[in-house]
Every structure is written in structure tokens, then in C-alpha cells.
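Subject: Structure handover

Hello,

Please find the structure below, followed by notes on what was found in it.

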Amino acid sequence: MMKSIYISKKEVARIFNRSTSTIARWPKEIPEFPKPFLLGPNTVMWDRIEIENYINERKKIRGFKGHKPQRGNNVNKTQ
């Protein structure tokens with residue numbers, strides 16, 4: 001079976017394991033996050049390829065690259 005190239009907010013939420021309200025908010029808060037589009041009068045969709053590309057770009061900057069992440073100045077050390 002062929003995957004649809006257009007996916008709903010619910011499917012995007014499943015991919016990211018987040019709520020649909022979070023997915024609706026992310027395009028406004030995260031400039032790089034793929035924007036949805038209207039497929040019909042009441043049908044908001046995302047392009048699956050754009051979502052996959054976004055994930056792949058985020059994966060490129062993950063990890064600590066051999067060093068520890070920097071702590072914020074307001075973090076108290078307990079040890």
C-alpha cells in the first residue's frame with residue numbers, strides 16, 4: 001500500500017508523539033517547522049516529505065559531539 005504524501009495533524013502528532021494542539025502551535029513558534037496548507041475548506045494537511053526533511057535536519061544537529069551540553073546559569077549543582 002502506498003503512503004499518502006499529505007498527512008493530517010493527527011498523523012503529524014503521532015509521528016512526533018505530541019498532542020494535536022502542540023502540532024497546531026509549532027508552525028507559529030518554530031520558524032523551521034513545516035507549515036500546513038488547506039487541501040479543502042475544512043482540511044488542513046502537511047506534506048509528509050517536508051516533515052521527514054525537518055526530522056532529518058534536526059537529527060544532523062543532535063547529540064553532544066563529544067562534549068557535555070552547557071548548563072544554564074540558574075542551575076544549582078547538587079554534587
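The chain exposes about 6,900 Å², and carbon and sulfur atoms supply 52% of that area. Accessible areas come from the Shrake-Rupley method with a 1.4 Å probe, and for residues only the protein chains shown count as cover. Of the 79 residues of the chain, 20% count as buried; buried means under 20% relative accessible area, exposed means over 50%, and partly exposed lies in between (1.4 Å probe, protein chains only).

Two notes on how to read the values. This is a predicted model, in which local features need pLDDT of at least 70 and side-chain atom pairs count only at pLDDT 80 or more, while totals for chains, interfaces and linings use all residues. Residues are numbered from 1 along each chain as its sequence is written, and side-chain values use heavy atoms, with hydrogens and water left out.

Overall layout

The chain has 3 helices and 3 strands, arranged as β-α-α-β-β-α from the N terminus on. Helices (H or I, at least four residues) and strands (E, at least two) are DSSP runs, numbered from the N terminus. Of the contacts in the chain with a separation of 6 or more, 38% are between residues 24 or more positions apart; a contact means heavy atoms within 4.5 Å.

The sheet

In what order do the 3 strands lie in the sheet? The order is E1-E3-E2, in an open sheet with antiparallel pairing. The edge strands are E1 and E2 (37-40), each of which pairs on one side only. Neighbouring strands of this sheet are turned by 55° against each other on average, direction ignored. Axes here are lines fitted to C-alpha atoms, for helices over the stretch in contact, and angles run from 0 to 180 degrees between N-to-C directions.

Two strands pair if DSSP finds at least two bridges between them. E2 and E3 (residues 43-47) are joined in the antiparallel sense over 3 bridges, and a hairpin of 2 residues connects E2 to E3. Phe-37 has Met-45 in E3 as its bridge partner, while Gly-40 is bridged to Thr-43 in E3. E1 and E3 also run antiparallel, with 3 bridges between them. Here Ser-8 has Met-45 in E3 as its bridge partner. As background, strands of a sheet pair through backbone hydrogen bonds, either parallel or antiparallel.

Helix H3 (residues 48-60) packs on the sheet and touches E1 and E3. The direction of H3 makes about 50° with that of E3.

Val-12 lies in helix H1 (residues 9-16). Is Val-12 buried or exposed? Val-12 counts as buried because its relative accessible area is 0%. Not counting residues up to four places away in sequence, Val-12 touches Ile-7, Ile-23, Phe-33, Trp-46 and Ile-51. With Trp-46, the separation is 34 residues in sequence and 7.7 Å in space, C-alpha to C-alpha.

A nonpolar patch on the surface

Ile-5, Tyr-6, Leu-39 and Ile-49 form a nonpolar patch on the surface, with about 360 Å² of accessible area together. Patches are made of residues with over 30% relative accessible area and no salt bridge; like charges are joined within 9 Å, and nonpolar side chains (Val, Leu, Ile, Met, Phe, Trp, Tyr) within 5 Å. Ile-5 lies in the segment before strand E1 (6-8) and is partly exposed, at 39% relative accessibility.

Salt bridges

How many salt bridges does a search of the whole structure find? The search finds 3, a salt bridge being a side-chain nitrogen of Lys or Arg within 4 Å of a carboxyl oxygen of Asp or Glu.

- Glu-11 and Arg-14: the closest N and O atoms are 3.2 Å apart. Both residues lie in helix H1, 3 residues apart, about one turn of the helix. Glu-11 is partly exposed at 25% relative accessibility, and Arg-14 is exposed at 54%.
- Glu-29 and Arg-25: the side chains meet at 3.2 Å, N to O. Glu-29 and Arg-25 are about one helical turn apart because they are 4 residues apart in helix H2 (residues 20-29). Arg-25 is partly exposed, at 36% relative accessibility.
- Glu-57 and Lys-60: the closest N and O atoms are 3.0 Å apart. Both residues lie in helix H3, 3 residues apart, about one turn of the helix. Glu-57 is partly exposed, with a relative accessible area of 46%, and Lys-60 is exposed at 56% relative accessibility.

Regards
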